[in-house]
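This report describes the architecture of one protein, from its overall fold down to selected residues. The sequence and the structure come first, and the text then follows them.

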Amino acid sequence: MSNYILKYSRDERVKYISHLDFVRLFHRTIRRTGMNFVFSQGFNPHPVMTVAQPLSVGVTSDCEYMKVGFDGSYRESELADIINGAFPPGYKILAAKKIEGKEIDLTKLDRAVYTVELEYDGYADIDMLLEQNELKVMKKSKSGIKESDIRPYIYSVENISDENGILTLKMCVAIGSVYNLKPQSVIDAMEKYCAGFKAGFMNVHRNSMMYGDVEFL
């Protein structure tokens, strides 16, 4: 039995596949390779597989992580090539790392960097936005939709470009079990606090996930 951390990407072709559908897709992919998962014990055994911070539908990424157990041992580069040979277009293993125990803990991931491109009207005053002591927006939680102050969970927002009515932002926000902030909530705050600003169609790409300032792979 061997455990691996896999870093993988999701592009435009598959960005509307849900998390649960991706899990099923990955199970079928591994069956096509001829490799075998390690299965959990108990009355309902299932493949030992953990995905870190599942992507929202419609978001692309270059930095997704999963922990997977295989019945067998593979070289890291060999494992990536085998899975990529069976993956459908749109997904790609970028790196693989064999691990022992809990040397890499996916639950420690606590922030992510996103690139957001959006159509808009008005003026996005980012400096003014970040000077606010609180930014209250309506946010969905386990207990329903309620007003939440998201300011403590926005680490940075940077205006990358503003051309032909398309605003490009790079933002670093909190992720994880303690608090998970989606870029859409930051845009909601911009619409509320930046007078006259109105967002339109938006593309979101996750660039990296980190524990503090450190990436796992």
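Contact, as the word is used here, means heavy atoms within 4.5 Å. The model is a predicted one, and in it Lys7 touches Asp62, Cys63, Glu64, Tyr65, Lys92, Ile93, Leu94, Ala95, Glu215 and Leu217, once residues up to four places away in sequence are not counted. Lys7 has its place in strand β1, which covers residues 2-10, and at 12% relative accessibility Lys7 counts as buried, because buried means under 20% relative accessible area.

**Overall fold**

The secondary structure of the protein comes to four helices and ten strands, and read along the sequence these follow the pattern β-α-β-β-α-β-β-α-β-β-β-β-α-β. Taken along the principal axes, the C-alpha atoms fill a box of roughly 60 × 35 × 30 Å. Of the contacts between residues at least 6 apart in sequence, 73% join residues at least 24 apart.

Buried residues make up 45% of the 217 residues in the protein. The accessible surface comes to about 11700 Å², and carbon and sulfur atoms account for 48% of that surface. As for charge, the protein carries 27 positive and 29 negative side chains, with the centres of the two sets lying 9 Å apart.

Which residues touch the most other members of the largest nonpolar core? In this core of 39 residues, they are Met171, Met190 and Phe197. At least two residues of the core are supplied by each of β3, β5 (111-121), α3 (126-131), β8 (154-163), β9 (166-174), α4 (183-193) and β10 (198-210), and the largest share, five residues, comes from β5.

A second, separate core of 24 residues includes Leu6, Phe22, Ile30 and Ile83.

**Val68 in strand β3**

Val68 has its place in strand β3, made up of residues 59-70. With neighbours within four places in sequence left aside, Val68 is in contact with Ser2, Asn3, Tyr4, Leu6, Phe26, Phe37, Val48 and Met49. Val68 and Ser185 are 117 residues apart in sequence, and their C-alpha atoms are 31 Å apart in space.

**Cysteines**

How many disulfides does a search of the whole structure find? The search finds zero. Cys172 is in no disulfide, and the nearest cysteine sulfur, that of Cys63, is 11 Å away from the sulfur of Cys172. For Cys194, the closest cysteine sulfur is in Cys172, at 19 Å, which is too far for a bond, because a disulfide needs a pair of cysteine sulfur atoms within 2.5 Å.

**Burial of selected residues**

| Residue | Relative accessibility | Class |
|---|---|---|
| Lys7 | 12% | buried |
| Val68 | 0% | buried |
| Cys172 | 10% | buried |
| Cys194 | 2% | buried |

Definitions and conventions:
Residues are numbered from 1 along each chain as its sequence is written. This is a predicted model: local features need pLDDT of at least 70, side-chain atom pairs count only at pLDDT 80 or more; totals for chains, interfaces and linings use all residues. Side-chain values use heavy atoms; hydrogens and water are left out. Buried means under 20% relative accessible area, exposed over 50%, partly exposed in between (1.4 Å probe, protein chains only). Accessible areas come from the Shrake-Rupley method with a 1.4 Å probe; for residues, only the protein chains shown count as cover. Lys and Arg count as positive and Asp and Glu as negative; His and the chain ends are not counted. The place of a charge is taken as NZ of Lys, CZ of Arg, CG of Asp or CD of Glu. A nonpolar core is a set of buried Ala, Val, Leu, Ile, Met, Phe, Trp, Tyr and Cys residues joined through side-chain atoms within 4.5 Å.
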